[in-house]
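Subject: A structure for you to look at

Hello,

Here is the structure I promised to pass on.

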Amino acid sequence: MRKSFDALAGLVEQQLGQDPLAGDLFVFRSRRGDRLKLLYWDNDGLAIWYKPLEEGTFVFPMPDQQRVRVGTHGLVIRPAELAMLLDGIDLANVKRRQRYQRPQPTTPR
């Protein structure tokens, strides 16, 4: 967790293929899983939010039908899932009720 603004922004560009200035929130977890850094663009500069845990770890969800991969190491999660993750809830054990999903348009060949 030694990386700061420029190094984390570089990871976002190189590993995820995303623009760190686009307004998205990027979450980074330490190897031990006991620390998080959130990187985001705050209208006039990059900002970092950092949270170390005194006890326990942050458990990231695995990719599935609801969570889309981004780049080689990224994953898109909903704001509610991020809130649960920060609150110590293991998303693997959360059951989501089925909701309507608009079908994806098929592309002509």
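The protein chain holds 2 helices and 5 strands; helices (H or I, at least four residues) and strands (E, at least two) are DSSP runs, numbered from the N terminus. Read from the N terminus on, the order of elements is α-β-β-β-β-β-α.

A word on the source: this is a predicted model, in which local features need pLDDT of at least 70 and side-chain atom pairs count only at pLDDT 80 or more, while totals for chains, interfaces and linings use all residues. Residues are numbered from 1 along each chain as its sequence is written, and side-chain values use heavy atoms, with hydrogens and water left out.

Some overall values come next. Along the principal axes, the C-alpha atoms fill a box of roughly 45 × 35 × 25 Å. Of the 109 residues in the protein chain, 24% are buried, where buried means under 20% relative accessible area, exposed over 50%, and partly exposed in between (1.4 Å probe, protein chains only). If you take contacts (heavy atoms within 4.5 Å) between residues at least 6 apart in sequence, 41% of them join residues at least 24 apart.

Now to the strands, where two of them pair if DSSP finds at least two bridges between them. Strand β1 (residues 25-29) runs antiparallel to strand β2 (residues 35-41), and 5 bridges join the two. In this pair, Val27 faces Leu38 in β2. The two strands form a hairpin with 5 residues between them, and Gly33 in the turn has a positive phi of about 85 degrees.

On to the next pair: β2 is joined by 7 bridges to strand β3 (residues 46-52), again antiparallel. Here Tyr40 stands opposite Ala47 in β3. This hairpin has 4 residues between its strands, and Asn43 takes a positive phi near 65 degrees.

One residue deserves a visit of its own. Leaving aside residues up to four places away in sequence, Ser30 touches Met1 and Arg35.
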